[in-house]
Amino acid sequence: MRTDHKNEWHFGNYGFHNAIIIIFHKPAGRDYGNGVLSSTKLSVKTDGFELRGQSWYVATDIPSDFLVQIGDVNFHLHKYPLLSRSGKMNRLIYESRDSELNKIVLDDLPGGPEAFELAAKFCYGIAVDLTASNISGLRCAAEYLEMTEDLEEGNLIFKTEAFLSYVVLSSWRDSIIVLKSCEKLSPWAENLQIVRRCSESIAWKACANPKGIRWAYTGRPPKISSPKWNDMKDSSPSRSQPVPPDWWFEDVSILRIDHFVRVVTAIKVKGMRFELIGAAIMHYAAKWLTGLIRESSGTADEISSYSASNSNGSCSSWKGGLHMIVAGMKDDPPTVQAKDQRMIIESLISIIPPQKDSVSCSFLLRLLRMANMLKVAPALVTELEKRVGMQFEQATLADLLIPAYNKGETLYDVDLVQRLLEHFLVQEQTESSSPSRQSFSDKHMYDASQRGNGTSAKMRVARLVDGYLTEVARDRNLSLTKFQVLAEALPESARTCDDGLYRAIDSYLKAHPTLSEHERKRLCRVMDCQKLSIDACMHAAQNERLPLRIVVQVLFSEQIKISNAMANSTLKEAGESQYQPMISNRKSLLEATPQSFQEGWATAKKDINTLKFELESVKAKYLELQNDMETLQRQFDKLTKQKQTSAWTSGWKKLGKLTKMTATDHQDIRSQVPNAAEQTRKTPRRWRNSIS
């Protein structure tokens, strides 16, 4: 509490009161020295102000001699109480050089008629209650009217500044309300550092340890319908219910986007965890970007679960709070125009933490969808696409189906998904080659873990891309080149099974029945027939839309798989017969084991029997496919026989026959020559024998 010789002020109920009514005396003349008008002594006693229509009058016997017009509101006042406290009034009258000036228009006064009413009451010595709702406007009005200490000690600037510093900035609720009220006071609130000081105060309290919070806060809205206004109460910390880490989300979300950015920037500097900052950004976006909520009803649940998963606190219940105090804030989500939504999206993109999992990939894709729809700056869209590429493996098919806005070629923006996939592959390549300053053992462990994570991420992305291709393949305007480029963007190791890719190819063939044979072969080249499952092979063998060559490849790979399966089953049966004498020992062991192990063994036996039955059915299907294969082979032979042989072919056949005949003649001559030699060798021997 501060006391001076003329007035006394105290902070009871967030306000101060001039205890003594100030009496002004009219002097014999005016002094215009240094541009400050000094007033003579004239007693002006008043009981208050009266409002008549759009005009304010002072309740006094002395008639008013000075009119102040602010917008549509008129203030019929007395000149000298204002001149004794306001340097602005002194300067205006001094610059006009008209001592009889009795009217001033102050349309640019910050805070409007409401703030000037309080300032005028202060000049007349009427008690004024300061609250968090009117302090910012009154502080800016006092600065505008130049109500400094040079004119009188304890003037309005000094008292409003003291109230801001000692009362508002020490309270969580008051700091939020004052910052909200600064939205209509630009640039005065910025120049007077009210926005900066309130943002810093909010940031310090948001970063405080939740266990040490003793002030009231609004809390999170419930998942059920909103409660009635009379049921709303501020949530105050209690010993039974701990304060969650996201307790400040709802209060901060009522701020305008530029003030929200100031608060989040200050919170970042204080060192808050990036997961909580990202969850707060998601909460703000769900509140102000109505298109984000309309396109997906699960946005609020997703943000709630995302912030809960990244924090160890429990969610608090909706208890009302600042929404009852701030004027204009209603239960329904605010409707924002497209221009304002574009500004919100651009601001949110710029403050998203750079860490990978600060916000969910689903949120980033929805933000990207709205950014493309509202034509956000290309540089920010590119930055957002890179952020999506960092965690592309977390995306879902529904979020990827982004329409092609302002493009008449395709229904969905396939080029966007292609860019996202390229960013993902670049990020994977960067992460795999990043560790360089590690020890040998640590590096090998890191490489192994990174290789496993990278492979699983690529496999998830491959399944996602296959599903996306299946959806967009139904678009008749989708070109074969775009389909092929997107399908071949991932490396071959990303897909262990090409069933999803085959499904996408089949959908494309259905939607594009006019493709030529060459185009169909080119389309099917993106698929590896050896990576198809047995079910996919059976479907492909009967698919009339596939080229004949692809069908033959599918049948060949299926025959190999069935042969391998039969060989494995034969080995398994041989192994079971080899260990047949040990069945009694296994039974005795099972009887000695606990009941849970026996139940597990019984389940395993059932699974084995099921597998045997499936193997028999596979054998039957194999026989059917063999018959189909023979039929296809006969048809293929008929087609080849119908082709006429050319002259070259007949010539080569004759030449081949001649070659065969020459070869047989040579063989006959060679067979005769050894016989003659043998006879010549045998004849001298007989001669020698006869001589002997």
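Begin by selecting the five strands that form an open sheet in the order β3-β4-β6-β5-β7, with mixed pairing; two strands pair if DSSP finds at least two bridges between them, and helices (H or I, at least four residues) and strands (E, at least two) are DSSP runs, numbered from the N terminus. At the edges stand β3 (49-52) and β7 (103-105), each with a single partner strand, so one side of each is left without a neighbour in the sheet. Direction ignored, neighbouring strands here are turned by 20° against each other on average.

This is a predicted model, in which local features need pLDDT of at least 70 and side-chain atom pairs count only at pLDDT 80 or more, while totals for chains, interfaces and linings use all residues. Residues are numbered from 1 along each chain as its sequence is written, and side-chain values use heavy atoms, with hydrogens and water left out.

Next, select β5 (residues 66-70), which runs parallel to β7 and is joined to β7 by 3 bridges; Val68 stands opposite Ile104 in β7. Axes are lines fitted to C-alpha atoms, for helices over the stretch in contact, and angles run from 0 to 180 degrees between N-to-C directions.

Move on to Asn155, in the loop between α4 (135-144) and α5 (156-168). Is Asn155 buried or exposed? Asn155 is buried, with a relative accessible area of 0%, where buried means under 20% relative accessible area, exposed over 50% and partly exposed in between (1.4 Å probe, protein chains only). Leaving aside neighbours within four places in sequence, Asn155 is in contact (heavy atoms within 4.5 Å) with Arg85, Phe122, Met147, Thr148 and Glu149.

Now select helix α14 (residues 338-351), whose end C-alpha atoms are 20 Å apart, in agreement with the 20 Å that its 14 residues should span at 1.5 Å a residue; the expected span is 1.5 Å times one less than the number of residues. Among the buried residues of α14 are Gln341, Ile344 and Leu348.

Finally, display helix α16 (residues 378-390) with helix α18 (residues 414-432), which pack at an angle of about 60° with their axes 8 Å apart. The two are therefore oblique to each other, since angles under 35 degrees count as roughly parallel, over 145 as roughly antiparallel, 65 to 115 as roughly perpendicular and the rest as oblique. Residues of α16 that take part in this meeting include Glu385 and Met390, and those of α18 include Leu416 and Phe424.
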